[in-house]
Amino acid sequence: MSVFPFIDYSGSGSEEKNAETLPLLKEYAYDFKKNELKLDEHGYTYMVEGNEALRIWILKALTTERFHYTAYSHAFGAEWQDQLIGHAMDGEILKLELERFIVEALMVNPYIKRLDNFEFERYATGIMVTFECTSTYGTDTIPVPVMEVRI
């Protein structure tokens with residue numbers, strides 16, 4: 001379950017996976033501020049594992065528009081770009097819709113168990129959504145900037 005859908009890190013891919021037998025999640029290290037893969041001291045890309053890999057998967061899923069890229073399945077990505085940007089709605093309804101879009105985008109991942117404690121902070125360019133993600137690797141607080149959506 002990589003950010004790069006054409007790479008299978010799970011081995012043969014034929015074994016059945018459930019919550020008890022999930023392999024260690026691996027992703028390429030990614031710098032979201034620069035929007036590029038991170039490089040090691042020799043200039044090569046490298047892999048991260050566990051909670052750090054899950055955080056990369058979450059941020060990539062929430063910044064990828066669902067149904068827009070043929071490289072990804074229809075289960076990957078978020079839908080708020082088309083549904084919320086440029087539409088006027090009540091602030092509380094907008095928060096509920098944004099939370100729903102985040103939950104729908106992330107709960108397809110078998111490593112994620114629960115999403116809680118959503119908080120919304122207004123900025124000039126959009127909203128910062130912060131939530132707790134409980135996964136097979138523990139609990140992590142995830143901040144996600146949602147640009148061009150205003151409360």
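Helices (H or I, at least four residues) and strands (E, at least two) are DSSP runs, numbered from the N terminus. With that convention, begin by colouring the chain by secondary structure: the protein has three helices and seven strands. Followed from the N terminus, the elements run β-β-β-β-α-α-α-β-β-β.

The model is predicted: local features need pLDDT of at least 70 and side-chain atom pairs count only at pLDDT 80 or more, while totals for chains, interfaces and linings use all residues. Residues are numbered from 1 along each chain as its sequence is written, and side-chain values use heavy atoms, leaving out hydrogens and water.

Next, select the aromatic rings. A search of the whole structure finds three aromatic pairs (rings of Phe, Tyr and Trp, the last by its six-membered ring, with centres within 6.5 Å; planes under 30 degrees apart count as stacked, over 60 as edge-to-face and the rest as tilted). One of them joins tyrosine 111 and tyrosine 137, which are stacked at 5.8 Å centre to centre with 15 degrees between the planes. Tyrosine 111 lies in the loop between helix H3 (91–106) and strand E5 (112–123), and tyrosine 137 in the loop between strand E6 (126–135) and strand E7 (138–147), 26 residues apart.

Now show the surface around both tyrosines. Buried means under 20% relative accessible area, exposed over 50%, and partly exposed in between (1.4 Å probe, protein chains only). Tyrosine 111 counts as buried because its relative accessibility is 5%; tyrosine 137, at 29%, counts as partly exposed.

Finally, select arginine 100 and phenylalanine 101. Arginine 100 lies over the face of phenylalanine 101, at 4.5 Å from the ring centre (the criterion is NZ of Lys or CZ of Arg within 6 Å of the ring centre and within 35 degrees of the ring normal).
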